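Visitor: I am new to this one. Please show it to me, and then tell me how to read it.

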Amino acid sequence: MFLKTLVVGPLEVNCYVIADEKSRDAAVIDAGDNSDEILDVIKKNNLNLKYIINTHAHFDHIGAIGKIKKATNAEFLIHEMEMHVLKTLPSQNLIFGVKVDSPPTPDRFLKDDESLTLGDLTLKILYTPGHSPGGICIHADGVVFTGDTLFAGSIGRTNLPGGDYNSLINSIKNKLLSLGDGTIVLPGHGPKSAIKEEKEYNPFLAQ
C-alpha cells in the first residue's frame with residue numbers, strides 16, 4: 001500500500017493519501033487544507049484519485065475537498081449522519097474564528113461494514129459515532145485511519161454538537177479494539193499508535 005501523510009491546516013490535521021501500488025488507484029482521507037500540496041503528491045506519484053473520504057465533517061477536516069474534487073473529479077464520500085454537521089459549517093466558522101468554504105455535496109453516503117476497492121486494496125468502513133454523529137474509521141491492510149475517534153493515548157472530544165462520550169467509548173471498544181493488537185492506528189491528529197498500545201495505556205479505555 002502506498003501511504004503518504006501530510007499535516008495540514010492550522011489545527012495540524014493528518015491527511016492521508018493512500019493507493020494500491022500496482023493500479024495506482026488512490027483515495028484521500030480527511031483533506032483538511034493545503035489542497036495544492038495534496039494534489040502535488042497525487043501528481044508526482046502518478047495516482048488516479050477515485051475517492052475523497054472524510055472521517056467526519058468538522059471544519060478542520062474539510063477545507064481542501066472542493067479544490068481537490070474540481071481538479072480530479074474524485075467521488076466525495078461521507079456518512080449520511082454527518083450531513084447535519086456539514087450544514088453547521090457557518091456556525092463552526094464563527095465559533096472557531098475561521099473561514100472554511102463549504103465542500104461540494106457528497107456523491108454518495110458510506111455505510112457501516114461497506115468495502116471500497118482501490119485495485120487490490122480493500123478499505124472497510126467502520127461506523128464509529130461519538131466524536132460526531134456520523135464519524136467513521138477506515139480499516140485497510142493492517143492499519144486503521146481513526147479520524148478524531150481515537151488518538152495515541154487519548155480519544156476525540158465529545159463536547160461539540162452531536163458528540164456523545166458513551167457512544168464514542170462503545171465505538172472504540174466494539175469496532176476498533178477488536179481489529180487485532182498489531183493494527184497500526186493512524187489518527188486525525190498527532191502521532192501514530194497501535195491497538196495493543198491503546199488497550200494497555202490509553203487511560204480512557206481502562207476496563
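Visitor: Which strands does helix α5 lie across?
Guide: In this predicted model, α5 (residues 165-176) lies across β8 (121-127), β9 (136-140) and β10 (143-147). The helix runs at about 145 degrees to β8. Axes are lines fitted to C-alpha atoms, for helices over the stretch in contact, and angles run from 0 to 180 degrees between N-to-C directions. Contact means heavy atoms within 4.5 Å. Helices (H or I, at least four residues) and strands (E, at least two) are DSSP runs, numbered from the N terminus.

Visitor: What is the order of the strands in the open sheet?
Guide: Strands of a sheet pair through backbone hydrogen bonds, either parallel or antiparallel. Here the order is β7-β8-β9-β10-β13-β14, with mixed pairing. Pairing needs at least two DSSP bridges between two strands. The edge strands, β7 (115-118) and β14 (193-194), each pair on one side only. β14 pairs with β13 (residues 184-187) in the antiparallel sense, over two bridges. In β14, S193 is the bridge partner of V185.

Visitor: Which residues touch the most other members of the largest nonpolar core?
Guide: In soluble globular proteins, nonpolar side chains tend to be buried together. A nonpolar core is a set of buried (under 20% relative accessible area, 1.4 Å probe, protein chains only) Ala, Val, Leu, Ile, Met, Phe, Trp, Tyr and Cys residues joined through side-chain atoms within 4.5 Å. The largest has 29 residues, and V17, V28, I38 and L49 touch the most other members. β2 gives the most to this core, four residues. A second, separate core of 19 residues includes L77, L116, L123 and V143.

Methods:
Residues are numbered from 1 along each chain as its sequence is written. This is a predicted model: local features need pLDDT of at least 70, side-chain atom pairs count only at pLDDT 80 or more; totals for chains, interfaces and linings use all residues. Side-chain values use heavy atoms; hydrogens and water are left out. Buried means under 20% relative accessible area, exposed over 50%, partly exposed in between (1.4 Å probe, protein chains only).
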